[in-house]
Amino acid sequence: MPQTPPFAAMFDSSGYNRNLYQSKEDSCGGLYYHDNNLLSGSLEALIQHLVPNVDYYPDNRIRKIAPKILQLLTEWTETFPYDFRDERMMRNLRELAQRIASGDEMYRKNVQQLLQNLIRKLTTVSQYEEVLAKINAASTDHLTVLKTKPQSIQRDITSVCNDPYALAQQLTHIELERLNYIGPEEFVQAFVQKDPLDNDKSCFGDRKKTRNLEAYVEWFNRLSYLVATEICMPVKKKQRARVIEYFIDVARECFNIGNFNSLMAIISGMNMSPVSRLKKTWAKVKTAKFDILEHQMDPSSNFYNYRTALRGATQRSLTAHSNREKIVIPFFSLLIKDIYFLNEGCANRLPNGHINFEKFWELAKQVSEFMTWKQVECPFERVRKILQYLLTVPVFSDDALYLASYESESPENHIEKDRWKTLRSALLGRV
């Protein structure tokens with residue numbers, strides 16, 4: 001699959017410390033600190049730390065604690081709205097909100113606004129999921145289209161958008177829209193199948209989950225197959241070469257924008273076997289620009305070149321004066337793997353039984369950085385016909401790609417010839 005390039009899980013080289021502190025400088029009541037930052041502690045000590053005592057005794061009057069509770073609920077519902085797709089969570093929220101609202105008219109208005117904003121967000125994500133389902137349903141089998149419609153009158157990507165820079169911008173629209181719907185809690189649900197502090201207790205098992213992570217990965221794969229389909233479709237090798245050069249320019253502009261996910265999807269599509277075997281076609285392509293892009297996304301040394309480029313884009317984003325300069329769209333598959341291996345590679349508890357805060361802070365740091373990237377508003381104008389084509393045009397399956405490739409440039413050996421005959425018989429009903 002295009003979404004599974006070689007990956008070197010080298011934690012030590014990327015700065016993750018597997019051998020976390022076992023002895024700490026300062027301790028207080030079973031909690032251990034380093035430079036005034038809480039590093040670890042037993043669960044019991046953490047709970048005890050929150051229990052009121054002579055020095056720490058929160059006023060139990062609702063008028064005093066209501067603002068703090070309201071602030072907590074506001075931040076929770078804004079940052080982790082998908083938690084409240086669970087009916088139990090929503091019911092508990094409403095009960096607590098009602099208790100707060102009963103104390104003061106001002107709180108009642110704030111609580112009302114909080115619930116309205118949350119319901120609006122949850123309604124939006126439900127509508128988005130419905131749109132995704134319709135898009136998937138509209139993407140019919142390309143092979144069916146080919147059987148019933150002459151190739152000469154079929155549209156291709158260059159007839160819909162002949163400007164590679166415009167296509168890169170529309171790809172960025174799709175990327176940012178789909179990123180925007182991924183919530184931080186989805187990373188937790190994806191990786192934590194058990195309670196992180198109790199391995200015998202399952203969590204999230206019966207919670208209503210979103211599919212935004214999966215949908216984003218599916219988009220990457222779709223784009224890769226779309227690129228391969230567009231290259232293998234034309235009958236003449238001159239046209240195929242022109243399409244390859246077109247996508248090289250699209251990929252280069254994606255790199256300039258900071259859209260690394262589309263860039264990698266395009267490179268993956270052009271490196272698929274049905275495309276790479278078209279030697280006569282590639283002989284007509286000026287590959288210097290493509291070689292540079294491949295070098296930038298080279299997986300060796302744990303994607304060192306890409307990570308360097310990503311840091312550069314991140315730094316540009318921090319000092320940006322426009323939304324265009326703020327765009328950072330990471331190679332999402334690698335981001336997921338980084339988070340996954342950080343979660344798996346570091347223990348939730350230290351050898352002394354204390355909670356490993358250093359690990360959770362590192363996880364929070366990576367997810368927080370992603371949250372900043374996904375909130376950028378796309379500065380490019382939407383072009384409906386291009387977006388519609390990218391999202392709904394049918395693409396070839398693996399077998400159909402090989403068949404189109406063999407039809408374009410004849411098989412070179414007996415194995416390819418046998419496969420060609422099998423595919424023609426199975427897919428086209430020809431011998």
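Which side chain meets E253 in a salt bridge? I looked this up in a predicted model, in which local features need pLDDT of at least 70 and side-chain atom pairs count only at pLDDT 80 or more, while totals for chains, interfaces and linings use all residues. Residues are numbered from 1 along each chain as its sequence is written, and side-chain values use heavy atoms, with hydrogens and water left out.

Entry one. I found R324 as the partner of E253, at 3.0 Å from N to O. E253 lies in helix α10 and R324 in helix α16 (residues 323-326), so the pair ties together parts 71 residues apart in sequence. I took helices as DSSP runs of H or I, at least four residues, numbered from the N terminus. I counted a salt bridge when a side-chain nitrogen of Lys or Arg is within 4 Å of a carboxyl oxygen of Asp or Glu.

I then checked accessibility (buried: under 20% relative accessible area; exposed: over 50%; partly exposed: in between; 1.4 Å probe, protein chains only). E253 is buried at 7%, and R324 is partly exposed at 34%.

Entry two. I looked up R240 and E409, whose side chains form a salt bridge at 3.6 Å, N to O. R240 sits in helix α10 (residues 237-257) and E409 in the loop between α20 (398-408) and α21 (414-428), 169 residues apart. R240 is buried at 1%, and E409 is buried at 6%.

I noted a salt bridge between D86 and R88, with the closest N and O atoms 2.9 Å apart. D86 is buried at 6%, whereas R88 is partly exposed at 39%.

I searched the whole structure and found ten salt bridges.

Methods:
Helix = DSSP H or I, 4+ residues; strand = E, 2+ residues; numbered from the N terminus.
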